[in-house]
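Let's take a walk through a protein together. Have a look at the fold below, and then we'll go through it piece by piece.

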Amino acid sequence: MKTKLSAQNLNISFGTKQVLKNVNVSFNENEITALIGPSGCGKSTLLRSFNRMHDLSPDANINGTIMLDDLNIYSKNIPVTEIRKRIGMVFQKANPFPKSIQENITYGLKINNLPHGKDVIEKALQEAYLWDEVKNDLKMPATRLSGGQQQRLCIARAVALRPEVILMDEPCSALDPVSTLKIEELIKHLKKKYTIAIVTHNMQQAQRVADKTIFMYLGEVMEEGPTDQIFNNPKNEITTNYINGYFG
Ligand SMILES: Nc1ncnc2c1ncn2[C@@H]1O[C@H](COP(=O)(O)OP(=O)(O)OP(=O)(O)O)[C@@H](O)[C@H]1O
């Protein structure tokens with residue numbers, strides 16, 4: 001198993017508030033890794049650090065190393081656009097651009113000077129399990145799609161750039177159970193090509209999709225391991241209490 005993405009001795013604070021404390025984690029290539037833990041423990045902060053989303057927060061202080069293969073993503077000479085092309089992100093609430101379905105796919109491709117013809121659009125929509133539902137409406141405003149379809153469009157927009165890693169921050173939290181299962185199927189299919197990190201509050205979801213699970217608590221990694229082990233044989237008492245729903 002090859003490590004695709006990792007953080008070493010990562011500390012993140014906002015002003016005087018330390019949010020991540022000496023975090024060491026790794027994400028294996030072609031695996032799905034779930035980040036779980038109670039609200040406020042730092043899951044999103046960690047996820048967002050992987051595509052340099054904190055660059056725009058003037059009070060963010062980041063120490064430590066984040067490696068994508070052998071590239072330190074915080075190296076001074078690496079443009080953030082290069083990182084975001086290699087590490088895509090899908091957010092909690094679907095956020096399509098207020099443009100047509102096809103323009104949602106071509107937008108990032110044009111910015112990156114990549115081919116953006118019909119075949120590329122179809123391929124991205126196929127890969128996100130959306131093509132059959134939208135192939136006759138490519139010029140329709142994306143905002144007219146259902147919530148689940150909009151989230152799959154955001155996934156199509158991310159995969160169109162051929163990233164290596166896809167970060168997902170609670171991608172199903174705004175969706176109904178049927179749309180959620182569709183996205184979960186999609187995530188499992190995407191791992192054949194991509195490395196996936198997903199933040200979720202849904203313990204069943206983590207068990208359904210994730211190969212590996214990382215449990216965070218108060219800004220620290222408490223426990224990590226194969227998903228089966230974390231849920232069926234956790235080593236740490238706090239992990240046990242969390243997955244049994246004693247707090248959250
Ligand atoms: N830009 C920021 N400025 C100041 N504080 C921040 C910033 N981003 C996050 N925080 C703080 O960091 C802490 C961790 O937040 P984070 O969103 O990472 O937690 P989380 O585990 O993802 O929570 P949830 O499950 O509720 O989404 C919170 O106390 C939050 O207020």
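Strand 1 (residues 3-14) and strand 2 run antiparallel and are joined by eight bridges. Strands here are DSSP runs of E with at least two residues, helices are runs of H or I with at least four, and both are numbered from the N terminus; two strands pair if DSSP finds at least two bridges between them.

Before going on, a word on what you're looking at. This is a predicted model, where local features need pLDDT of at least 70 and side-chain atom pairs count only at pLDDT 80 or more, while totals for chains, interfaces and linings use all residues. Residues are numbered from 1 along each chain as its sequence is written.

Strand 2 (17-28) comes back at the ligand: strand 2 and helix 1 (43-49) each supply at least two residues of the shell around the ligand. Which helix or strand gives the most? That's helix 1, with three residues. Among the residues surrounding the ligand are Phe14, Lys17, Gly42, Lys43 and Ser44 (the C-beta atom, placed from the backbone, lies within 6 Å of the ligand). The shell divides into three nonpolar, seven polar and two charged residues, where Ala, Val, Leu, Ile, Met, Phe, Trp, Tyr, Cys and Pro count as nonpolar, Asp, Glu, Lys and Arg as charged, and the others, Gly among them, as polar.

Now for the inside. Nonpolar side chains tend to be buried together in soluble globular proteins. The largest nonpolar core here has 63 residues, and Ala156, Ile166, Ile196 and Ile198 touch the most other members. Helix 6 (residues 147-160) gives the most to this core, with seven residues. Such a core is a set of buried Ala, Val, Leu, Ile, Met, Phe, Trp, Tyr and Cys residues joined through C-beta atoms within 7 Å. Leaving out residues up to four places away in sequence, Ala156 touches Ile105, Ala124, Leu125, Glu127, Ala128 and Leu130 (contact means C-beta atoms, placed from the backbone, within 7 Å).

Finally, look at Thr213 in strand 9 (residues 212-217). Is Thr213 buried or exposed? Thr213 counts as buried because it has 26 C-beta neighbours inside 10 Å; the cut-off is 20 or more for buried, 12 or fewer for exposed, and partly exposed in between.

Note on methods
Two residues are in contact if their C-beta atoms, placed from the backbone, lie within 7 Å.
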